[in-house]
Amino acid sequence: MSGANELLEIKNLSTSFRIKDDFFPAVDDVSLTLKKNEILAIVGESGCGKSTLATSIVGLHNPNNTKVTGEINYKGKNLVTMTDEQFNNVRGADIGFIFQDPLSALNPLMKIEQQIEESLIYHTKLAKAERQARVLQLLEQVGIPNPPRVAQQFPHQLSGGMRQRVMIAIALACKPPIIIADEPTTALDVTIQAQILDLLKELQAETESGIILITHDLGVVAEVADRVAVMYAGQVIEEAPVVELFRNPKHPYTRSLLNSIPQMNSEGDKLNVIHGIVPSLKNLPRTGCRFSPRIPWIDRATHEDNPTLHEVAPDHFVRCTCWKTFHFEDEGGSVQ
Amino acid sequence: MWKTILRRFLVMIPQLFILSLIVFIMAKQMPGDPFTGLITPETDANRIAELREEAGLNDPIVVQYYNWISGVVQGDLGKSYTYKRSVSSIIGERAYNTFLLSLLSAILVYLIAIPLGVLAGRYQNSFLDKSIVLYSFLSYAIPTFVLSLIFLFLFGYQFEWFPTSGTVDVSLEPGTMDYYWSKFYHILLPSITFALLGTTSIIQYLRTEIIDASGQDYVKTARSKGIPMRKVYSRHIFRNSLLPIAAFFGFTITGLLGGSIFIETVFGYPGMGQLFVQSIQSRDYSVITALVMLFGFLTLLGSLLSDIIMSIVDPRIRID
């Protein structure tokens, strides 16, 4: 998994939140690698820890109630152990971040130009006029019509799609090799979603950056991702190249997720759902297969006591052994 | 925008008219009249009756109101019964005194409250925050006249650091440096007293806003750009937190002429607040009504100013 193409290596990363006096891991021992020139998608239900993982990578957690352990290695340095001041040299410059809701993520009192310009002030030595030129160039690059006009506008004067384009321009400002997009299309309507995804793909190809795309939308994953990590209850339970994952899903959770996508041609059929809910941080079983409570019809013996990731095909990793005998509840016997 | 401002001024006319009716009637309902205070055992009852007749106090109240309001419309606020001078000139002098005192007080209030509010919000739940919140509650709970008396007693009489009444040392030549310094010296203690007690709402608002703004998404965006925390506070959190304070600023400006009844009375400072109390005590109707009308107008103007200020500082708000 190592090589010159490796941009970011996440090793045994755990992020725990404090509830009363105890720490509960929302991200539990996650190891992932982002390569140059690829889009790595992280998928999972709400509460599976995917956004927490994203914010951990840029160190945006409140240190008073959060504990981050493990390693995030970037250019030979471990981001986890950096001080806030050291981290400020990485954020914005080397890692760009795109947030979910572009309205609340933009400062309502600042002009678009100022908001994009800000990271240039701290990470580059560009003069004022050069920064302004760069802002216009960025706005052009993210497909905003009439950049000089938009640069002087305030966020509330722009549409949702335009705001998200501005957000992307902010993330791209210093040409960071890594971009983290935390559900960049969730707050947008469907036609705009497609435009933004196309834009992300285009920009990625242009800049050869690595993108970590956090999403719960498998449609988005299929469209843009190169590699996918599926998270459940704080752990990565399956990781594979995108085609492999969709053709050959292994883990019961991944299969259940794919099975629950509404199908165009199955109108009138009941929508397949996954039983139960994601366990809350406090009630999460810390041993055994974390998905087992939601597939109670599967024999307990098929789960590992301490599930680890197994490579089942080249670059395809699955946690626990229960996938071997897994079948959907209404299927009766084993399909394997 | 000019259209809105004009419209707001036009709306003020009926509002002020209703206010004038209420004030006039209430003032007249008070027992006694401006001449009651002149009565001594030697006073000739007929003379008092004559004075009343002359002043028009025996006319029906409708006629009295008509006489008064027709003067007001033409800019004539009438004559003070007590001072025998035009009301506008009396108010003019007092307004100047009050303006000086209030201006210094307001400056001190903002100088104290803004840093404290920001610190309390930034270091939420720390010892510092708790001390500031304690101070703001204490200052809210202490009546103005109590602290004024304590300060006057301690710093005025015991230590003799400050003058105890008046606006200026009367022996000084107006226009000299010493004269202005003396003026400043006279308003210093009342201003400090007022400022120490007037910070509560700004501290509390600012603290809450800072805490609230710190959790907003745009702050995370700012952090994700890798700009120093200090800049995140000054450029993003602080500016957004000031919006509610700006919403009050119009009232602060017009309030500069309102004066403080307690402070001015305790410190013997001849300003609007003191004038108001005195005019009520001496049933000086023309001064009472003029002052209440002025306060009413200032309040309405304050709300208009606040709206204009809001439209300037917050690009989302526009007055068409």
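Colleague: What makes helix α2 (residues 45–55) of chain B count as lying largely in the open?

Modeller: Bear in mind that this is a predicted model. A residue is called buried if 20 or more other C-beta atoms lie within 10 Å of its own, and of the 11 residues of α2 in chain B the number that are buried is 0, so the helix lies largely in the open. Just after α2(B) comes Gly56(B), with a positive phi of about 80 degrees.

Colleague: What makes the phi of Asp29(A) worth a remark, and is this residue buried, partly exposed or exposed?

Modeller: Most residues other than glycine have a negative phi. Asp29(A), however, is not a glycine and has a positive phi near 55 degrees, although it is found in strand β2 (residues 22–35) of chain A. It has 15 C-beta neighbours inside 10 Å, and because that lies between the limit of 12 or fewer for exposed and 20 or more for buried, Asp29(A) counts as partly exposed.

Colleague: Why is Lys75(A) called exposed?

Modeller: Exposed requires 12 or fewer other C-beta atoms within 10 Å, and Lys75(A) has 10, so it is exposed. Lys75(A) lies in the loop between β4 (66–74) and β5 (77–78) of chain A, and has a positive phi of about 50 degrees without being a glycine.

Colleague: How do you know that strand β7 (residues 178–182) of chain A is mostly covered?

Modeller: In β7(A), 5 of its 5 residues are buried. Ile178(A), Ile180(A) and Asp182(A) point one way, while Ile179(A) and Ala181(A) point the other way, and all are buried.

Colleague: What makes β7(A) a partner of β6 (residues 95–98) and of β8 (residues 210–215) in chain A?

Modeller: Pairing requires at least two bridges; β6(A) and β7(A) run parallel and are joined by 4 bridges, with Phe97(A) opposite Ile180(A), whereas β7(A) and β8(A) pair in the parallel sense over 5 bridges, with Ile179(A) opposite Ile211(A). Together with helix α7 (residues 190–207) of chain A, β7(A) and β8(A) make a right-handed β-α-β unit.

Colleague: Why are β6 and β11 (309–313) of chain A said to stand at the edges?

Modeller: The open sheet has 8 strands in the order β6-β7-β8-β3-β9-β10-β12-β11 (chain A), with mixed pairing. Each of β6 and β11 of chain A has a single partner strand, so one side of each is left without a neighbour in the sheet. The twist averages 20 degrees from one strand to the next.

Methods. Residues are numbered from 1 along each chain as its sequence is written. Chains are lettered from A and ligands numbered from 1 in the order in which they are written. This is a predicted model: local features need pLDDT of at least 70, side-chain atom pairs count only at pLDDT 80 or more; totals for chains, interfaces and linings use all residues. Helices (H or I, at least four residues) and strands (E, at least two) are DSSP runs, numbered from the N terminus. A crossover is right-handed if, with the strands pointing away from the viewer, the path from the first strand over the helix to the second runs clockwise. Axes are lines fitted to C-alpha atoms, for helices over the stretch in contact, and angles run from 0 to 180 degrees between N-to-C directions.
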